Amino acid sequence: MPLVPLLPIFHKFNRQFFDGSLVKNDEPIVSIRWSDGRLKRTAGFYRRFYRISGKKGSEIVLSRPVLANLPESALGSTLCHEMIHAWIDLILKIKEVHGANFHRKMELINSSQAAFKVSIRHNYPLPSRPHKWWAICPICKARFPYHRIVKGVACRSCCNLHHGGSWDSTCLLIFESVLKEV
Ligand SMILES: [Zn+2]
Ligand SMILES: [Zn+2]
């Protein structure tokens, strides 16, 4: 899915599912934008923030790296999910995350169309972070990718093979930075 402009979809959903309540004087009451390339741990989120001027604002941010490679239904589902959060916060003015109001709206939206399904969690594959470390077994030389150094991990297969399955310090993995290889 290429990165499509979000505003037309927002306006369409606003009319279709929120009785137009998320737009005042032709302006969305919550801003919507694509993230930069760094938002990789979630498909999207809604948040309130304070501007430097002290004025309150709120926004929906959708993840460019997560959604760029997924079908368009993932965009619809994620945007709608975050619009429900905005609607509960700004229109109902209720403090709720995924409570009764969220569920009621979600089920209403899901039963009214078949193009996508809104869910409680964004269950999309997240791009994997490149690992920073290789943990290398000094005996069999097997390599395991790690994001950080973990103390005391030993090679399972060598412990099984040479020590009857019990942990042995001779099988301790040695951590080597991935960057060393270049
Ligand atoms: Zn949510
Ligand atoms: Zn080993």
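User: How many bridges join strand S4 to strand S5, and do the two run parallel or antiparallel?
Analyst: In general, the strands of a sheet pair through backbone hydrogen bonds, in a parallel or an antiparallel manner. Here seven bridges join S4 to S5, and the two strands run antiparallel. Helices (H or I, at least four residues) and strands (E, at least two) are DSSP runs, numbered from the N terminus. This is a predicted model, in which local features need pLDDT of at least 70 and side-chain atom pairs count only at pLDDT 80 or more, while totals for chains, interfaces and linings use all residues. Residues are numbered from 1 along each chain as its sequence is written, and chains are lettered from A and ligands numbered from 1 in the order in which they are written.

User: Which residue stands opposite Arg 47, and how many residues lie between S4 and S5 in their hairpin?
Analyst: Arg 47 faces Glu 59 of S5. The hairpin of S4 and S5 has five residues between its strands, and in the turn Gly 54 has a positive phi of about 95 degrees.

User: What is the order of the strands in the sheet that contains S5?
Analyst: The order is S3-S5-S4, in an open sheet of three strands with mixed pairing. Strand S3 (31-34) and strand S4 (44-50) are the edge strands, each pairing on one side only. Direction ignored, neighbouring strands of this sheet are turned by 25 degrees against each other on average. S3 and strand S5 (residues 56-62) run parallel and are joined by four bridges. Within that pairing, Trp 34 has Leu 62 in S5 as its bridge partner.

User: Which helix packs on this sheet, and which strands does the helix touch?
Analyst: Helix H3 (residues 72-92) packs on the sheet and touches S4 and S5, and its direction makes about 165 degrees with that of S5. Contact means that the C-beta atoms of two residues, placed from the backbone, lie within 7 Å. Axes are lines fitted to C-alpha atoms, for helices over the stretch in contact, and angles run from 0 to 180 degrees between N-to-C directions.

User: How do H1 and H3 cross?
Analyst: Two packed helices are described by the angle between their axes and the distance between the axes. The axes of helix H1 (residues 6-17) and H3 come within 11 Å and cross at roughly 60 degrees. H1 and H3 are therefore oblique to each other; angles under 35 degrees count as roughly parallel, over 145 as roughly antiparallel, 65 to 115 as roughly perpendicular and the rest as oblique. Their crossing is right-handed, a term used if the near helix is turned clockwise from the far one by less than a right angle, with anticlockwise giving left-handed. In the contact, Leu 6, Ile 9, Phe 10, Phe 13 and Phe 17 of H1 meet Leu 79, Cys 80 and Met 83 of H3. By class, this contact of H1 with H3 has eight nonpolar, no polar and no charged residues. Ala, Val, Leu, Ile, Met, Phe, Trp, Tyr, Cys and Pro count as nonpolar, Asp, Glu, Lys and Arg as charged, and the others, Gly among them, as polar.

User: At what angle do H3 and H4 cross?
Analyst: The axes of H3 and helix H4 (residues 100-112) cross at roughly 130 degrees and come within 10 Å. H3 is thus oblique to H4, and the crossing of H3 and H4 is right-handed. H3 contributes Cys 80, Ile 84, Trp 87, Ile 88 and Leu 92 to the contact, and H4 contributes Asn 101, Phe 102, Lys 105, Met 106 and Ile 109. The residues of the contact of H3 with H4 are eight nonpolar, one polar and one charged.

Conventions: Pairing = 2+ DSSP bridges.
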